[in-house]
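Hi everyone, thanks for coming.

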Amino acid sequence: MLDLKVIRQNPEEIKTKLAKRNNTFAASIYEIVEIDKQKREIQQKADELKSRRNTLSKSVKSQEEAETIKLEVKAINEEINSLDALSTSLDQKLEDITLYIPNIPLDDIPVGKDETENKVIKHYPLTPLKVGAGKITAKSHWEIGEALGIIDFENSSRLSGTRFSTFIGQGAKLQRALIQFMLDEASANGYTEIAPPAIINGEILRGTGQLPKFAEDLYHLENTDQYLIPTAEVPLTGFYAAKPLNHDELPKRLCAYTPCFRSEAGAAGRDTRGLIRQHQFDKIELVHLCKPEESEAEHERLVSQAESILEKLELPYRRVLLCTGDMGFSAAKCYDLEVWFPSQGAYREISSCSNCTDFQARRLGLKFKRDAKSKPELLHTLNGSSLAVGRTWAAVVENYQFADKLGFRIPEALKKYLSFDEVV
RNA sequence: GGAGAGAUGGCUGAGUGGUCGAAAGCGGCACCCUGCUAAGGUGUUAUAUCCUUUAUGGGUAUCGAGGGUUCGAAUCCCUCUCUCUCCGCCA
């Protein structure tokens, strides 16, 4: 959520900056400024009346005196009630509008309408390792996995519907090794490991920006205000909202392994095969909480952490700076990491690392104190995957497949977690 | 799931209709005292929002959340949420 004060003071600037995103929010901004103005006038009137009421009430010393002011205060109260009701409804309107306005892109974000205008920042290595000497002879991970009996899609859809999968035997062990490896790497780099709940209150989802706009992407538990988490970003980011953090606790760097649940509404027909787009998948998530002036550096650090996993797994990837039109709702700046899938001859997203500035913090009430005397300030939140486990599993299978036979090699970095070094 | 108790400022914990944004203690901060340390003294110490000014000042709201009674609510009533204890059930 954006700062109402900032909108009030620089509506034109905010409008211009938001216009870089796909939609225009000019009408919303205009409406906010108008409603906000009305609201403050009403609020002021109500406050004056309340002040008058308080003064009168305090002056009462005896029952007789009370009798004389009853009428006046009652009249005042009626007026206060109607003003308050009006003020509440205007607040509600303001919230209804502001909750649908995305974060403002940082100034250095390339302006563009969709993913075609994203900017590739780097390749690792410069040329992807192409199986079969540059030709797309590589098999897909589902062909390999199903042939080896280490993953199942058919039975899984009978159990749970489409877009579910089951890992079997060495496939399951590979998945577990990846999780262990990713968590160990994060811990070794100073991250605090967190194991949060997978069910979360709607309030927190509103705080992080998944609600209200993206409700259809979530699994909602019936007759409750609870949802299955679409990412560990939600519980991790929301965790420290209860009281202001001390400056010496920052930056906080958290990592968590959780399952993630997404309804993938609107994705019908896309990536219907394989592990790319599942309703349930595992992910290791990184979340940083930091002072505003640190967030850009923390962002670079976070994305480097995610990249290091790909590099240690020796998977070809590239880093992409998302353009204004392709960025997520809460992000002010976002890098995607895309891993090479030889069977598709394409890079596919495997991590998304966002700097959300104070957008989530404002709604969640995430604050810190610079020192013992200073007032609590909003902090900045960042999040990124390190990495999406299912997609990593698929990338390993595809990139490490044997050119001349069915099967694949285990990456060097994972060998200490497994009792086998190839799957055939 | 059943029964009971509770929710107050950074913490502990008073406060059952007005003088309460809230006692006291602890902690924090500032200053004083002190050769140093320890101890001691004095003061200060919530958040949000609006107005005016932007150094200060003032209004309003907030004692788990929401509603109600009242001239006036931390205090009385109702609903909800959460915590604790006991019982039941259960991985």
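So, cavities first: there are two of 30 Å³ or more. By cavity I mean a set of points, on a 1 Å grid over the protein atoms alone, where a 1.4 Å probe fits but cannot get out. Points are joined across faces, edges and corners, and the volume is the space filled by probe spheres set on them.

Before I go on, some housekeeping: this is a predicted model, local features need pLDDT of at least 70, side-chain atom pairs count only at pLDDT 80 or more, and totals for chains, interfaces and linings use all residues. Residues are numbered from 1 along each chain as its sequence is written, chains are lettered from A and ligands numbered from 1 in the order written, and side-chain values use heavy atoms, leaving out hydrogens and water.

Back to the largest cavity, which has a volume of about 50 Å³. Its lining residues (an atom within 4 Å of a point) include Met-1, Thr-98, Phe-329 and Arg-363. Which elements give two or more residues to that lining? They are helix H8 (202–208) and helix H11 (359–364). Helices here are DSSP runs of H or I with at least four residues, strands are E runs of at least two, and both are numbered from the N terminus. By class, the lining has seven nonpolar, three polar and two charged residues. Nonpolar is Ala, Val, Leu, Ile, Met, Phe, Trp, Tyr, Cys and Pro; charged is Asp, Glu, Lys and Arg; the others, Gly among them, are polar.

Next, a helix pair. The axes of H5 (residues 141–148) and H12 (residues 389–399) come within 9 Å and cross at roughly 85 degrees. That makes H5 roughly perpendicular to H12, a label for angles of 65 to 115 degrees. The axes are lines fitted to C-alpha atoms over the stretch in contact, with angles from 0 to 180 degrees between N-to-C directions. His-141, Ile-144 and Gly-145 in H5 meet Trp-393, Ala-394, Val-397 and Glu-398 in H12; contact means heavy atoms within 4.5 Å.

Now look at Pro-411, in the loop between strands S16 (408–409) and S17 (422–423). Buried or exposed? Pro-411 is buried, at 0% relative accessible area, where buried means under 20% with a 1.4 Å probe and protein chains only. Beyond its neighbours within four places in sequence, Pro-411 contacts Leu-313, Val-396 and Tyr-400.

Last stop: Ser-386, in strand S15 (residues 380–388). Ser-386 is buried too, at 1% relative accessibility.

Notes:
1 Å grid on protein atoms, 1.4 Å probe; cavity = no way out; pocket = protein on both sides within 12 Å on 5 of 7 lines; lining within 4 Å. Buried < 20%, exposed > 50% of the residue type's maximum accessible area, 1.4 Å probe, protein only. Parallel < 35°, antiparallel > 145°, perpendicular 65-115°, else oblique.
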